[in-house]
Amino acid sequence: MSSRTSAPAHETPEHGQGALVVVGTPIGNLSDASDRLRHVLRTADVLAVEDTRTLHRLASGLGVSVGGRVVTHHEHNENARTDELLNEVRAGRTVAVLSDAGMPTVSDPGFPLVRAAAEADLTVSVLPGPSAVLAALAVSGLPTDRFTFEGFLPRKAGERAAVLAGLSSEQRTMVFYESPHRLAEMLTALRDAMGGDRRAAVCRELTKLHEEVLRDDLDGLVAWSTEHQVRGEIVVVLHGAAPAPAPAPEDLVAEVEARVASHGIKLKAAAREVAAERGVSTRHLYDAVVAARGRD
């Protein structure tokens, strides 16, 4: 059964039509808040939030009075809270789920709830807002056409090293979150895994008064982070690995001949298979094999 993901384009679902609304909130600057956010804060029947104090500060800063019931929904209780919130949606109510900043589900609570709502064929809508991931990517000066979000790296050195070993050949730009007091250690781990000449950007306090973006290679960023007391919210953007150079066709001659001998296929078919697997021209590889045979 397919789940319903659409909702009326105008602000919130109509009265009596239950929906879960995933709500993006400003990551720092309240001026980034939308009219739809203000509307949801005023009209949602239930607001599921990480911290009630943060919600009330947000509402106060926006000049909005929260009209619905407020419940906590954070990493320690989100699984236990899911059934309760889904029952509210089934009863025809609008449930808005908010994290302290940015978009719920992205390194913040919300994914189990959204998944359960989708599996239950309940309406799930989204109120987009500022994103630290996209904001950092946009100002990093690094390629934006293909990227991957990696969130927070493991705190334990061994686990972190294992994750980074798997990412060392990743060619897409990578985006990470990190806390300020672990930034130097994290950048050092990136340098050890990726090499000191890999380009990166440290984006600090995005959209806030003391916003700062440092662009350098990992050697330079490690030196900076160990010399300064870093504060604020941190996003690290890392350039992807350079593509591995394709092997020379002459170096693949033995591989083609081995496939001909073991698989009993013709030379052209073997050359085509090996060329596809190794990223070289079929014609050049075939010619290299023919030339090698002529020298034998």
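**Domains, cavity and helix crossing**

Analyst: The centres of domain 1 and domain 3, taken over C-alpha atoms, are separated by 58 Å. The domain bounds come from an automatic or database domain assignment, which gives domain 1 (19–130), domain 2 (133–238) and domain 3 (249–294). This is a predicted model, in which local features need pLDDT of at least 70 and side-chain atom pairs count only at pLDDT 80 or more, while totals for chains, interfaces and linings use all residues. Residues are numbered from 1 along each chain as its sequence is written, and side-chain values use heavy atoms, with hydrogens and water left out.

User: What makes a set of points a cavity, and how many of 30 Å³ or more are there?

Analyst: On a 1 Å grid over the protein atoms alone, a cavity is a set of points where a 1.4 Å probe fits but cannot get out; lining residues have an atom within 4 Å of a point. By this rule there is 1 cavity of 30 Å³ or more. The largest cavity has a volume of about 50 Å³, the space filled by probe spheres set on the points. Its lining includes T25, V49 and D51.

User: Why are α6 and α7 called oblique?

Analyst: The axes of helix α6 (residues 157–167) and helix α7 (residues 183–194) cross at roughly 45° and come within 9 Å. Angles under 35 degrees count as roughly parallel, over 145 as roughly antiparallel, 65 to 115 as roughly perpendicular and the rest as oblique. The pair α6 and α7 is therefore oblique.

Note on methods
On a 1 Å grid over the protein atoms alone, a cavity is a set of points where a 1.4 Å probe fits but cannot get out, and a pocket is an open set with protein on both sides within 12 Å along at least five of seven lines; lining residues have an atom within 4 Å of a point. Axes are lines fitted to C-alpha atoms, for helices over the stretch in contact, and angles run from 0 to 180 degrees between N-to-C directions. Helices (H or I, at least four residues) and strands (E, at least two) are DSSP runs, numbered from the N terminus.
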